[in-house]
Amino acid sequence: MTDNFHYPTDNYILIGKIVIPHGLKGELKIFSFAGQPDNIRQYKSLILVSPAGQLSPPYAVEKFRVKGKSAIVRLAAVNDRNAAEAITGMGVLILKEDLPPPGEDEFYLSQMEGLAVVTVDGHSLGTVASIMSNGAQDLLVVNDQ
């Protein structure tokens with residue numbers, strides 16, 4: 001991912017980042033790392049993670065709309081701009097168990113982390129350490145052996 005948040009990766013997946021407050025009533029602009037901000041609508045609650053790795057309790061999503069490439073979200077207990085500013089810059093997590101199951105012959109990119117990377121000739125290149133997106137494509141970060 002594009003940011004370096006520390007959280008328990010066994011239970012959570014990073015889906016975005018709060019980039020800026022939106023308006024005066026506590027709404028937040030969330031950049032979706034999946035590139036599809038409308039997908040955030042389907043999650044019952046969002047957990048926030050600070051850059052230092054502190055997790056928030058789950059926040060219920062009270063209001064949602066898409067604006068351009070971002071989601072505009074109102075979270076329970078975030079009622080004004082000051083509260084929104086206090087959580088700007090935090091990562092947005094969901095529980096992995098809340099992800100919809102992938103379809104046949106589909107997978108989540110996060111499931112690739114830790115897998116071996118092998119050429120068609122059978123030459124081992126290493127393992128997938130992480131996945132990043134530069135906007136045009138997804139990039140695998142591979143640690144050689």
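This is a predicted model: local features need pLDDT of at least 70, side-chain atom pairs count only at pLDDT 80 or more; totals for chains, interfaces and linings use all residues.
The chain contains 1 helix and 9 strands. Along the principal axes, the C-alpha atoms occupy a box of roughly 60 × 35 × 30 Å. Of the 145 residues in the chain, 32% are buried. Among contacts with a separation of 6 or more, 53% are made by residues 24 or more positions apart.

The accessible surface of the chain amounts to about 9000 Å², and carbon and sulfur atoms contribute 51% of this area. The side chains include 12 positive and 16 negative ones. The centres of these two sets are 16 Å apart.

Strand 5 spans residues 70-75 and is mostly covered, with 5 of its 6 residues buried. Strand 5 pairs with two other strands, strand 2 and strand 4. The pairing with strand 2 (residues 27-32) is antiparallel and comprises 4 bridges; here Phe31 lies opposite Ser70 of strand 5. Strand 4 and strand 5 form a hairpin with 2 residues between the strands. Within that hairpin, Gly68 adopts a positive phi near 65°.

Notes: Residues are numbered from 1 along each chain as its sequence is written. Side-chain values use heavy atoms; hydrogens and water are left out. Buried means under 20% relative accessible area, exposed over 50%, partly exposed in between (1.4 Å probe, protein chains only). Contact means heavy atoms within 4.5 Å. Accessible areas come from the Shrake-Rupley method with a 1.4 Å probe; for residues, only the protein chains shown count as cover. Lys and Arg count as positive and Asp and Glu as negative; His and the chain ends are not counted. The place of a charge is taken as NZ of Lys, CZ of Arg, CG of Asp or CD of Glu. Two strands pair if DSSP finds at least two bridges between them.
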